[in-house]
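Biologist: I have a new model open and would like to learn how to read it. Could you walk me through it?

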Amino acid sequence: MAATKVVVDPITRIEGHLRIEAQAENGRISNAWASSTQFRGIEIIMQGRDPRDAWAFVQRICGVCTVVHAVASCRAVEDALGITIPPNANLIRNLVHGMQFIQDHVIHFYHLHALDWVDVVSALKADPAGTSRLARSISPWPNNSETYFKAVQDRLKKFVSGGQLGIFTNGYWGHPAYKLPPEANLMAVAHYLEALDWQRDVIRLHTIFGGKNPHPNFLVGGMACAINLEDTGTINAERLVDVQAMIRRARDFVEQVYYPDLMAIAGFYKDWAAIGGGTKNFLCVGEFPEAGVNDFGKLYFPRGVILNGDLSTVHEYDHKLVKEYITSSWYEYPGGDDVGLHPYEGETKAKYTGPPAPWEYLQGLDKYTWMKAPRYDGKPMQVGPLGRMLVAYASGHDDAQGIVNEALGRLGVGPAALFSTLGRTAARGLETVLIARRMETWFNSLIERVKSGDTKTFAGEKWEPSTWPASCEGYGYLDAPRGALGHWVQIKDGKISRYQCVVPSTWNCSPRDKQGQMGPYEAALVDNHPLVNPEQPIEILRTIHSFDPCMACGVH
Amino acid sequence: MSATPLPPQPAPPRPRGFTLGHRIPPPSGEYRWVYLWDAPLRAMHWLAAIAIVALAVTGFYIGKPYFITGGAESADPFVMGWMRFIHFASAAVLVMTAIVRGYWLLAGNKFERFAALFPVRPRDWVNMWKQAKFYMLMERHPPAYLGHNPMQQLSYTGIYLVAAVMVVTGFALYGQSNPGGLINRGFAWVPALAGGIQMVRFIHHVLTWVLIIFIPMHIYLAMRADTLERTGVISSIITGGRFVDAKEKFIDAEDA
Amino acid sequence: MSFAAPSWFPATESVEDELARRGVSRREFMEYCSSLCIVLGVGKSEAPRMAAAILADRRPSVIWIQLQECTGCVESVIRTSEPSIGTLVLDQISLDFSHTLMAAAGHAAESAAAAAMAAEKGKYLLVVTGSIPLADDGIYLTIGGRTAKVILEEAAEGAAAIIALGACAHWGSVQAARPNPTGAVGVSEVIKNRPVVNIAGCPPIADVVTATVAHFLTFGRLPAVDGDGRPLFAYGARIHDQCPKRANFDAGQFVEKFDDEGARKGWCLYEVGCKGPATFSPCPIFQWNSHTDWPIGAGHPCIGCTERGFWDTMTPFYGRLPDVGGFGIESKVDILGAALAIGATAGVVAHAAATSVHQMRERKRSLPVVDPTSGGPGTPKA
Ligand code: HEM
Ligand code: HEM
Ligand code: NFV
Ligand code: SF4
Ligand code: SF4
Ligand code: F3S
Ligand SMILES: [Mg+2]
């Protein structure tokens with residue numbers, strides 16, 4: 001039987017514009033191409049700008065992971081100019097980034113990923129009493145009563161009976177790939193709605209320290225929010241109490257709703273622990289510096305590289321080994337399209353060679369995406385929660401080992417199950433639990449420092465361009481919700497002369513390189529991957545969504 | 001034009017010849033007092049001068065409030081409040097003087113009228129070069145004008161223009177606090193032309209320096225004319241008239 | 001806030017008329033209702049009642065397309081406080097297409113959008129986030145192989161009104177910053193024949209968006225706008241004129257460096273580059289994220305994110321004046337200005353000195369040719 005050409009474009013419930021093309025044979029995917037179909041040119045736009053403004057520009061690379069580019073940018077500029085930010089500013093950045101992780105992962109789970117596993121229409125047939133029993137058996141969450149689930153179900157019924165299905169129109173309801181009983185579906189739908197209200201509440205932590213969300217404010221040299229317990233317009237006790245309460249509510253939701261739901265749903269989809277593994281090299285640049293960005297030993301999530309799924313060795317990470325290739329991408333390099341460039345030599349010169357729009361297929365073309373192809377020491381790398389958990393697990397990180405082992409135990413599977421679509425989705429939930437717990441540590445350290453009289457939030461010695469060297473360069477690393485992020489900046493005469501970003505989704509959604517090595521999305525789609533009905537590509541959505549794609553990030 | 005008779009004066013025992021001060025005393029030895037500037041013009045000049053100095057000082061505070069920092073309790077010193085108040089009040093005075101002076105361009109005497117203030121006649125451009133050479137100490141005789149010489153005409157034209165831009169940009173900035181208001185709507189073309197309100201602010205800021213640079217040069221040339229050329233310009237902007245050589249032929253004397 | 005369906009909504013239209021206008025046959029529609037009854041487990045016999053209910057109680061259709069953007073605007077709207085996003089989407093509108101939330105993908109999603117556009121032709125509210133890259137035939141953004149421009153034009157065709165949500169849809173935002181490599185423009189540059197309202201901001205405050213939707217649904221038209229198409233209820237006043245730190249501004253109390261004494265007293269951010277004096281936005285009044293705080297409130301100067309072109313016109317963000325030709329940073333302009341002023345004064349003094357030297361020399365040289373008879377007393381003429 002000849003291979004069927006499959007196109008899924010747009011991939012919905014992600015950030016940005018992703019096109020998946022595949023070939024399917026006998027209910028399996030035999031070949032796959034991931035194409036990012038948007039380009040904005042932000043690296044070009046950065047040239048000639050004031051490096052202190054850079055964070056705000058690059059923050060707009062993505063409004064979903066709104067914090068991460070801003071912080072990576074500040075770190076890059078601070079690295080270039082030799083600025084060490086005060087410990088308070090570092091703790092505040094950790095809190096803001098931590099809450100970003102938590103909120104982003106919960107939204108991803110319920111609002112972007114859940115409909116791949118949860119059949120909304122089936123929830124209409126659930127027995128609310130059964131849902132209540134199920135919910136109580138896995139969690140002490142207060143909203144677990146039969147009345148509560150009944151009310152949710154009635155609301156859903158009213159919605160559906162109006163005949164306007166809105167965002168649920170043309171969903172793949174009733175597809176045999178849906179395995180949850182109606183009661184579990186109803187529980188998930190209830191939490192879909194609850195999470196909407198919850199995220200809006202806890203994200204206010206960004207507003208307190210950064211003035212708004214999305215796109216809270218940052219500052220090269222620290223944070224702009226001054227601490228003064230004696231003033232109404234600064235970070236004072238009232239603000240801090242609000243922050244503390246949000247941290248608590250975040251942790252409660254993660255521990256009592258997200259994690260139990262994740263485990264419950266995963267239990268019905270264990271077959272997905274053998275599907276969609278793909279690339280077995282993992283990279284984590286580390287995140288949540290607890291003693292300054294250059295103290296790599298004190299990163300809450302350790303940095304490191306895992307090769308070929310071998311958890312016995314964690315290789316040291318060296319940013320000099322990162323290179324970007326454009327063999328399959330719509331760009332050109334002055335030195336030829338087959339060389340790889342380190343970001344300090346990086347070029348962003350768009351050169352579209354695809355067919356004029358509208359087109360039907362990109363598969364078979366040499367160049368087929370706006371995504372560059374980063375490689376570490378020549379190898380494609382998978383980045384993200386799974387990479388983070390694996391590096392931490394393999395490095396002997398107590399918290400990570402604890403929760404990974406607990407989850408594996410609950411599901412009754414071995415560590416090999418992690419290298420899969422289900423593994424990626426599960427790892428995201430596990431690390432959310434760890435961060436939600438760690439937030440309290442950072443918060444308490446901040447309080448201790450303030451108590452001891454240190455309220456400094458900004459190091460201003462190198463603020464004025466007159467204090468800068470004529471030329472310098474810096475690297476800002478950060479492990480973002482979707483994985484390893486790097487910003488590389490070069491500054492000449494007070495202005496940015498080169499700015500390059502290599503982003504989690506650039507790693508994961510990278511196309512084939514000059515050796516034909518697939519990127520992680522592509523590799524996952526051809527790894528023991530089913531596709532029952534090409535007209536209803538729910539399996540493709542499951543695996544792609546398990547990466548939590550962000551195309552605006554990846555291409556920028 | 002009035003000319004007041006003066007009692008005869010003893011001639012100072014001065015050498016005659018080619019000196020920069022060759023007009024001391026006038027070669028003919030006869031003086032004539034010419035009335036140039038009417039009272040409204042003189043009044044407006046000094047009001048404008050005061051307003052411009054006030055605008056520049058308060059404007060710089062507005063632009064860079066480093067030099068006075070408020071006290072601990074807000075609303076107590078109201079420094080910026082006062083600065084802005086003085087700035088806007090002075091702006092009002094400046095606009096008022098501009099209106100009167102503008103009217104006087106039509107209603108004033110021949111030295112005050114439009115043609116005397118702007119280098120609009122071909123002869124002005126020829127004489128401007130002579131005047132420039134005089135200032136460069138390359139020429140002994142500056143072209144003789146009763147009113148503004150062409151260089152003055154040009155500099156006043158320039159300064160009128162700068163002041164006009166200041167007023168226009170100032171009002172464009174001012175209007176923003178009441179977006180639906182007359183001022184904002186009336187001056188909406190300004191940011192559109194300048195490329196945004198920040199550019200307007202920038203122009204307003206930079207042109208302040210032009211005004212500031214004008215002041216010393218202007219005063220110097222006035223003093224120079226009084227002491228070297230003995231043309232009595234300083235007193236003229238106070239009393240309205242100046243002494244001139246009775247025999248001298250003035251280029252602008254016969255102007256309509 | 002409660003949304004009533006607008007008066008022109010076809011509640012009074014007969015089912016037949018309604019269906020005819022939509023190009024749906026009655027038989028098709030009744031089949032749809034029957035299958036819905038089965039899904040709901042109420043039995044086919046309820047189908048006529050359901051049909052009547054469906055046609056009588058329709059929520060207004062909203063179609064939201066996403067073009068060249070960062071999705072920050074979507075995230076912002078998801079944080080709306082009143083009504084909550086859940087209430088909005090389930091009870092008040094029918095969100096018939098949304099890239100971020102849609103269950104279906106690929107063809108299924110596109111056909112859902114096409115069906116809604118056909119069924120609600122002339123009535124749906126079109127929400128657009130993101131800009132339209134026009135350079136190089138629009139190849140910098142395609143969805144389903146089609147360019148952003150084509151997608152927007154098609155969606156705008158049947159829209160009753162368009163909300164251009166966020167700076168990207170308003171004028172292009174960050175990707176339109178110099179040198180705008182993709183030729184990104186806002187919605188109103190492409191769509192000229194439909195009413196477009198610009199919800200300014202990068203991103204805008206969620207409540208401004210929901211209030212604009214509410215305005216449309218309640219009053220059947222878009223709210224009144226300023227010269228840049230922004231609703232007056234939100235963008236009608238300057239931040240600087242509504243700012244709680246205005247008292248500090250008037251008092252001359254300024255943050256001179258971040259985290260200085262002034263910063264710890266919550267003083268005005270004017271000197272560290274606040275663009276509040278040039279920015280029209282309701283931030284100080286509405287505040288952000290359920291009225292928690294706002295940028296200036298949290299100690300960072302406003303960067304002017306509701307103003308067209310702010311990435312170029314409001315930068316450098318920490319300077320008060322624009323950097324014109326690399327020369328705009330205040331200190332440089334002022335240094336030059338002061339230098340020229342001093343130079344002018346010095347020049348004037350030097351010129352005076354040169355003049356007197358010259359004069360003395362001239363006088364010396366001309367002494368021998370003195371004619372002692374000249375210079376007698378003159379008689380002033382009447
Ligand atoms: C009718 C005339 C004028 C009006 C209406 C006016 C108005 C204004 C306004 C509204 C501002 C901004 C204040 C703020 O941001 O709150 C301003 C600033 C300023 N004005 Fe004027 N002004 C006028 C004339 C002048 C003149 C003649 C000068 C100088 C000699 C001047 C010098 C300045 C300066 C230096 C600033 C600060 C600019 C900056 O750095 O932003 N203004 N003026
Ligand atoms: C010793 C001091 C000064 C003398 C003798 C003097 C003299 C004069 C004279 C004779 C004119 C021509 C009048 C006319 O045609 O309108 C004039 C114009 C002018 N002066 Fe002065 N001036 C003096 C100081 C100043 C100062 C301090 C300023 C501003 C800060 C100033 C600003 C102007 C301006 C803007 C004009 C042109 C506008 C006008 O024609 O009214 N002057 N000055
Ligand atoms: N950096 C970054 Fe990202 C990406 N990829 C991150 O979590 O989403 Ni918008
Ligand atoms: S306007 Fe700003 S926040 Fe909204 S999508 Fe564009 S870049 Fe993102
Ligand atoms: S903080 Fe900004 S908006 Fe507020 S008063 Fe100061 S300059 Fe104006
Ligand atoms: S930066 Fe934007 S969010 Fe408000 S305070 Fe300024 S308009
Ligand atoms: Mg890049």
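This is a predicted model: local features need pLDDT of at least 70, side-chain atom pairs count only at pLDDT 80 or more; totals for chains, interfaces and linings use all residues.

Biologist: Which protein donors hold the iron atom of ligand 1?

Modeller: Donors are N, O and S atoms within 2.8 Å of the metal (3.2 Å for Na, K and Ca); water is not among the atoms, so sites may look incomplete. Here the protein donors are NE2 of His87(B) and NE2 of His204(B), 1.9 to 2.0 Å from the iron. They come from distant parts of the chain, 117 residues apart: His87(B) sits in helix H2 (residues 79–107) and His204(B) in helix H8 (residues 197–227) of chain B.

Biologist: Why is the arrangement around the iron atom of ligand 1 called octahedral?

Modeller: Six donors count as octahedral if opposite donors are over 155 degrees apart and all others between 65 and 115. The 6 donor atoms here subtend angles of 83 to 178 degrees, so the arrangement is octahedral.

Biologist: What coordinates the iron atom of ligand 2?

Modeller: That iron is coordinated by NE2 of His45(B) and NE2 of His218(B), at 1.9 to 2.0 Å. This pair is 173 residues apart, with His45(B) in helix H1 and His218(B) in helix H8 of chain B.

Biologist: Are His87(B) and His204(B) buried or exposed?

Modeller: Buried means under 20% relative accessible area, exposed over 50%, and partly exposed in between (1.4 Å probe, protein chains only). Both His87(B) and His204(B) are buried. His45(B), at 25%, counts as partly exposed, and so does His218(B), at 21%.

Biologist: How many helices and strands does chain B have?

Modeller: Helices (H or I, at least four residues) and strands (E, at least two) are DSSP runs, numbered from the N terminus. Chain B has 9 helices and 2 strands, and 46% of its 256 residues are buried.

Biologist: Where does ligand 6 lie?

Modeller: A residue is near a molecule if one of its heavy atoms lies within 4 Å of it. Ligand 6 lies between chains A and C, surrounded by 13 residues, with Lys212(A) and Cys283(C) among the closest.

Technical notes: Residues are numbered from 1 along each chain as its sequence is written. Chains are lettered from A and ligands numbered from 1 in the order in which they are written. Side-chain values use heavy atoms; hydrogens and water are left out. Four donors count as tetrahedral if all angles lie between 85 and 135 degrees; four count as square planar and six as octahedral if opposite donors are over 155 degrees apart and all others between 65 and 115; anything else is irregular.
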